[in-house]
Amino acid sequence: MPISTLSGLLAILLYVVSYYWQSRQATGAKASNNQNSKKILLVGLLAVGAHLFSAYGVIRTGDGYHFGIVQISTLIFAAVAMLVVVSSLRKPLGDLILGLFPLAVLSIILSLSVDSDYPAQQISTGIATHILLSILAYSFFTIAALQAAFVAYQNYQLRHHHAASAIRRFPPLQDMESFLFELLSTGQALLSLGIIAGFVFVEDMGAQGLPHKTFFSILAWVVFSVLLWGRHQMGWRGNTAIRGTLTGFMFLILGFYGSKFVLEFIL
């Protein structure tokens, strides 16, 4: 059995264990138990390590790097999981684990079971830099989208007078929104660098899929820029922050996965 498969199966097992412990902590009476939280994060960190190893195994082939949909997706979710687990060391992000780890497990299963006809390719250092920056940007925006969903849920509970339940399971709403904009600011900086690196290092900007991807990436960049400007200048928050985050994230999804899906499965 390939080492990428073994490490992927190990990552799935560890993700499931960490998810189970986190779900019990979230619904139990000892939700603030620091020892349980450390145990959950330790197992989650081991899961991320195994996931990254598996992702490298399915992407790096004998004749180059394979950047098909399922291969790049498992790397993105590994990066997202790593960022969430590391960030959880200083912020209470347990509920993000409940939303993320099942998606990480799904990405591993798909990467190990679905073949892609997308050709392997050799890449230069500049292109590798562009890809790395783009993956990190997508990772931060994925976490931001999950965070926006939790903020929307918390908003809903507060508006419908379920404040006791919301306060027990989440940090204060103001802290949740502040963290959302921290994620957006970091993701925007990485996206800006990724777009610049693309224009500098990609030789053929008219290659298949690139115009479509570039258009939607820039459109997402504009949405996030307006949202961050509105936050600092106009104090935007609440539903405006949620809608703006999800709209920009949707543009990124359309740009990245839309072009790859068409190239791999339609054309």
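Q: Which backbone oxygen does the side chain of Thr 142 reach, and at what distance?
A: In this predicted model, Thr 142 has its place in helix 5, which covers residues 125-159. The side chain of Thr 142 reaches a backbone oxygen, that of Tyr 138, at 2.7 Å.

Q: Does Thr 142 count as buried or exposed, and at what relative accessibility?
A: Leaving aside neighbours within four places in sequence, Thr 142 is in contact with Val 80 and Phe 249. Since buried means under 20% relative accessible area, Thr 142 counts as buried, because its relative accessibility is 12%.

Q: Which residues are in contact with Leu 52, leaving aside its neighbours within four places in sequence?
A: Leu 52 is found in helix 2, residues 34-59, and it counts as partly exposed because its relative accessibility is 29%. With neighbours within four places set aside, the contacts of Leu 52 are Leu 75, Ala 78 and Met 82.

Q: Which element gives the most to the largest nonpolar core?
A: The largest nonpolar core has 66 residues, of which Tyr 15, Leu 100 and Leu 184 touch the most other members. Elements that give two or more residues to this core include helix 1 (3-27), helix 4 (94-113) and helix 8 (210-234). The element that gives the most, with 15 residues, is helix 5.

Q: Which side chains meet in a salt bridge, and at what distance from N to O?
A: Side chains of opposite charge can pair when their charged atoms come close. A search of the whole structure finds one salt bridge. The side chains that meet in a salt bridge are those of Arg 237 and Glu 177, with an N to O distance of 3.0 Å.

Q: Where are Arg 237 and Glu 177, and how many residues apart are they?
A: Arg 237 counts as partly exposed because its relative accessibility is 44%, whereas Glu 177 is buried, with a relative accessible area of 2%. The pair links distant parts of the chain, with Arg 237 in the loop between helix 8 and helix 9 and Glu 177 in helix 7, and their separation is 60 residues.

Conventions:
Residues are numbered from 1 along each chain as its sequence is written. This is a predicted model: local features need pLDDT of at least 70, side-chain atom pairs count only at pLDDT 80 or more; totals for chains, interfaces and linings use all residues. Side-chain values use heavy atoms; hydrogens and water are left out. Helices (H or I, at least four residues) and strands (E, at least two) are DSSP runs, numbered from the N terminus. Buried means under 20% relative accessible area, exposed over 50%, partly exposed in between (1.4 Å probe, protein chains only). A polar contact is a pair of N or O atoms within 3.5 Å; within protein, one must be able to donate a hydrogen and the other to accept it, and residues adjacent in sequence count only if both atoms are side-chain atoms. Contact means heavy atoms within 4.5 Å. A nonpolar core is a set of buried Ala, Val, Leu, Ile, Met, Phe, Trp, Tyr and Cys residues joined through side-chain atoms within 4.5 Å. A salt bridge is a side-chain nitrogen of Lys or Arg within 4 Å of a carboxyl oxygen of Asp or Glu.
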